Amino acid sequence: MKTIGWTLANTALCAALALTAVGSAVAPAAAQAQIGLGPRLWCFVSPNDMPGDPNFGRCASFYPGSRSYRADLEVRGLPAGSYTYVWSSESAGTLPCSTQSCTRTYRGDAPVSDLISVTYTNLATGESDTLADTVQINGPI
């Protein structure tokens, strides 16, 4: 005759095996969702006292005493194809950039918080999307 303890142990073992099977089936999908496999806006502000992340850069700088700061921005991770780009800044409006990269220069005498966005359009499909990031210089995050 089977005891309650044996039944509970068997149930726990079956549940653990089922979770393991589900986990291994889900793992490939999770791996595909890792950083770097989709379109993203890379940004780096210099000068900077910290290194940038290879996937997203570092869109903030608290480096003291600089007379000016430069934000380098780039659309990364797009599938192969031809695209148009329209860049804009919350503080400056439409920017004079028309490629996958854009650069903004800021004065160093005041804190900056500037939302930069880029709308890219695939010329073959007509599909478009917008990416954005906020440049933060010597101010609150």
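Tutor: The answer below starts with the whole chain, goes through the sheet, and ends with the core and the rings.

The model is predicted. The protein has 141 residues, and buried residues make up 28% of them. There are one helix and nine strands. Take the contacts with a separation of 6 or more: residues 24 or more positions apart account for 53% of them.

Strands of a sheet pair through backbone hydrogen bonds, either parallel or antiparallel.

Strand β3 covers residues 60-61 and pairs with β9 in the parallel sense, over two bridges. Alanine 60 has glutamine 136 of β9 as its bridge partner.

Next comes the pair of β9 and β8. These strands are antiparallel and share ten bridges. Within this pairing, isoleucine 116 stands opposite aspartate 133 in β9. The two strands form a hairpin with five residues between them. In that hairpin, glycine 126 takes a positive phi near 80°.

Move on to β8 and β5. They also pair in the antiparallel sense, here over seven bridges. Serine 88 has serine 117 of β8 as a bridge partner. Serine 88 also has a bridge partner in β6, namely threonine 94.

β5 and β6 run antiparallel and are joined by two bridges. Serine 89 stands opposite glycine 93 in β6. These two strands form a hairpin as well, with three residues between them.

The two faces of β5 deserve a separate look. Tyr83, Tyr85, Trp87 and Ser89 make up the covered face. Thr84, Val86 and Ser88 make up the uncovered one.

What lies in the core? The largest nonpolar core has 22 residues. Trp87 and Val135 are the residues with the most contacts inside this core. Six strands each supply at least two of its residues: β1 (40-46), β4 (68-76), β5 (83-89), β7 (101-107), β8 (112-122) and β9 (128-137). In soluble globular proteins, nonpolar side chains tend to be buried together.

Leaving aside its neighbours within four places in sequence, valine 135 is in contact with Cys43, Val45, Cys59, Ala71, Tyr106, Val112, Ser113, Asp114 and Ile116. One of these, valine 45, is worth a stop.

Valine 45 is found in strand β1. Is it buried or exposed? Its relative accessible area is 0%, so valine 45 is buried. Beyond neighbours within four places in sequence, its contacts include Arg58, Cys59, Ala60, Ser61, Val135 and Ile137. Tyr69, Arg70 and Ala71 are also among them. Valine 45 and serine 61 are 16 residues apart in sequence, yet 6.0 Å apart in space, C-alpha to C-alpha.

Last, the rings. A pair of aromatic rings is described by the distance of the centres and the angle of the planes. The structure holds three aromatic pairs. One of them is stacked: tryptophan 42 and phenylalanine 44 lie 6.5 Å centre to centre, with 20° between the planes. Another is tilted: tyrosine 83 and tyrosine 85 lie 6.3 Å centre to centre, with 40° between the planes.

Tryptophan 42 and phenylalanine 44 are buried. Tyrosine 83 and tyrosine 85 are buried too. Ring pairs also link Tyr83 and Tyr85 with Tyr120 in a cluster. Tryptophan 42 has a charged neighbour: arginine 76 lies over its face, at 4.2 Å from the ring centre.

How values were computed. Residues numbered from 1 in each chain as written. Predicted model: local features only at pLDDT ≥ 70, side-chain atom pairs only at ≥ 80, totals over all residues. Heavy atoms only, no water. Phe/Tyr/Trp six-rings, centres within 6.5 Å; stacked < 30°, edge-to-face > 60°. Buried < 20%, exposed > 50% of the residue type's maximum accessible area, 1.4 Å probe, protein only. Lys NZ or Arg CZ within 6 Å of the ring centre and 35° of its normal. Core = buried A, V, L, I, M, F, W, Y, C linked by side-chain atoms within 4.5 Å. Helix = DSSP H or I, 4+ residues; strand = E, 2+ residues; numbered from the N terminus. Contact = heavy atoms within 4.5 Å. Pairing = 2+ DSSP bridges.
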